[in-house]
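Hi,

Here is the structure I promised to pass on. Have a look at it first, and then read my notes below.

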Amino acid sequence: MSHADMAVIRIHPADNVVIARRQLVSGTRLEGEGVTVQGLVPPGHKVAVRAIAAGQPVRRYNQIIGVARQDIAPGQHVHTQNLEFSDFERDYAVGQGAHPTDYVAQPATFDGIVRADGRIATRNYIGILTSVNCSATVARAIADHFRRDIHPEALASCPNVDGVVALTHGAGCATGSEGEPLRVLRRTLGGYARHANFGGLMVVGLGCETNQIGGLMEQEGLRESGLLHTFNIQDTGGTRKTVARGIELVEQMLEQANQVRRQPVPASHLTVGLQCGGSDGYSGISANPALGAAVDLLVRHGGTAILSETPEIYGGEHLLTRRAETPAIADKLLARVRWWEDYCARNDAEMDNNPSAGNKAGGLTTILEKSLGAIAKSGTTNLTDVFEYAEPVRTRGLVFMDTPGYDPVSATGQVAGGANLICFTTGRGSAYGCAPAPSLKLSTNTALWQRQSDDIDINCGEVVDGAQSVAQMGERIFQLMLKTASGHRTRSEEHGYGQNEFVPWALGAVM
């Protein structure tokens, strides 16, 4: 990437567009490109540097991001008015880009919480899950009794407990008693129930729902204990008695949960979910490749990163199949892409209904362009496995989990799979948390950092500004990962985000 011309960023010599660093006005001469801007080009948007005939491909990252819907002259703004999605043949070249991982001799450490069974936690919460939406109010009432901002005395004697959180959802009934929708919901709840970041847990139901707690426990192999309780409103005797029982059980679990102490553990125990939301034209230039550099470091230190959001790798999946360690791994990834194509067809949708309005305002035009920038979060190491939504992630290195592109749903699946930290890049701005896993937010541009710094943990806009290289920013992100896993509170944790962002993937018809 060249920074010679401070007005624009050229990503690859073969590209026929460059990216505006700032707003460009008509008549601006792009030194080094030999082009004069025609019209207004907003920051983060594309400007043509060569003539592109109608029907010809537009290239960014030396990859096709769509075709010109009309002739485009050098210096013109390239966006929705003259660029459109067009499918093309991908060269999957399975495994051709795979290479041995250069592991470090002495892995980094973080101060983690070691559970009795050997699991490693980055946080220490008491959790309240619900089997169905009908028990959500009760679960929240139990958790509210222990809110530090409302009842500071409730956890005054438990400084090692991060809080009591209720993770509720809108499903659990009006669905088939067999089949994928219920199975996936239970797999998601089971993943949270087993999550190392919960020092104690309870599951609250209504009693007559389709998602019976007994069925959940059986499918997920869960057993009641002093730190895992289940009960429902109908058996307990109504709302008031159920809330009282929940409060009593939390108080019993708190004493044991508070006994934890942090100790140094290898970075191999860190599993990071990768997210991007509110992306813009800078995402694939600054925050995403910088996060990718941090992922490379994490993998070299023995850790795990989960790339997800299948609709947002669409059109760029060939970049991942090239890094697949085996043909079987590539086949699993492509099978999930084909599933999404069929899923969209069944629901009268299109894969290019993405980017969103905010993405487009920030400079992204097609799903191909968005996907290529999103994949940059994955770094350069091998793809070691592919998982379905909320499946337990048991393979180290860079893995892929099939999820929707909607961030709360995607991150919920990652945490259910075992992610104990989320890294979330954003160009338009985000207010997001993900209890029980801390969530770091990374801005793609300095203007966002200056406008919304209360919500952002690190400013990757310094890459666009030329103040930091991608590698330098990647090292900063990796160090912040370790610091956060050691207990440093994120911006979203300071604001209390995380409970309402629990959104399991709702599959199938609601009856």
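This is a predicted model: local features need pLDDT of at least 70, side-chain atom pairs count only at pLDDT 80 or more; totals for chains, interfaces and linings use all residues.

**Where two domains meet**

Across the interface of domain 1 and domain 3, the rule finds two salt bridges (a salt bridge being a side-chain nitrogen of Lys or Arg within 4 Å of a carboxyl oxygen of Asp or Glu). Residues are numbered from 1 along each chain as its sequence is written, and side-chain values use heavy atoms, with hydrogens and water left out.

The domain assignment gives domain 1 (8-84), domain 2 (113-263) and domain 3 (271-495); such bounds come from an automatic or database assignment. The centres of domain 1 and domain 3, taken over C-alpha atoms, are 26 Å apart. Domain 1 puts 21 residues into the contact and domain 3 puts in 20, where contact means heavy atoms within 4.5 Å.

How much area is buried between domain 1 and domain 3? It comes to about 1,500 Å², with carbon and sulfur atoms giving 57% of it. (Buried area is the accessible area, with a 1.4 Å probe, that two parts lose on being put together, summed over both.) On the domain 1 side, Tyr-61, Gln-63 and Ile-65 lose the most area to domain 3, together 31% of what that side buries.

The rule also finds 15 residue pairs in polar contact across this interface, both residues at pLDDT 80 or more. A polar contact is a pair of N or O atoms within 3.5 Å; within protein, one must be able to donate a hydrogen and the other to accept it, and residues adjacent in sequence count only if both atoms are side-chain atoms.

Three strands, β2 (17-20), β7 (63-68) and β9 (83-84), each supply at least two residues of the side of domain 1 that touches domain 3. (Helices, H or I with at least four residues, and strands, E with at least two, are DSSP runs numbered from the N terminus.) The largest share of that side, four residues, comes from β7. Sorted by class, the side has 10 nonpolar, six polar and five charged residues; here Ala, Val, Leu, Ile, Met, Phe, Trp, Tyr, Cys and Pro count as nonpolar, Asp, Glu, Lys and Arg as charged, and the others, Gly among them, as polar.

**Salt bridges elsewhere in the list**

A search of the whole structure finds 20 salt bridges. One of them joins Asp-91 and Arg-322 at 3.7 Å, N to O. Asp-91 sits in the loop between β9 and β10 (109-114) and Arg-322 in the loop between α7 (317-321) and α8 (327-346), so the pair ties together parts that are 231 residues apart in sequence. Asp-91 is partly exposed, at 49% relative accessible area, and Arg-322 counts as partly exposed at 29%. (Buried means under 20% relative accessible area, exposed over 50%, and partly exposed in between, with a 1.4 Å probe and protein chains only.)

Then there is Arg-476 with Glu-462, at 3.2 Å, N to O. Arg-476 lies in helix α14 (residues 470-485) and Glu-462 in helix α13 (residues 461-465), so this pair ties together parts 14 residues apart in sequence. Glu-462 also turns up among the contacts of Thr-446, along with Asn-459, Gly-461 and Asp-465, leaving aside neighbours within four places in sequence. Thr-446 lies in helix α12 (residues 446-451) and is buried, with a relative accessible area of 18%.

**Helix α10**

Is α10 enclosed or open, so to speak? Nine of its nine residues are buried, so α10 is largely enclosed by the rest of the structure. The side chain of Glu-369 meets that of Arg-60 at 2.6 Å, N to O. Lys-370 meets Glu-312 at 3.4 Å, N to O, and both Lys-370 and Glu-312 are buried.

Cheers
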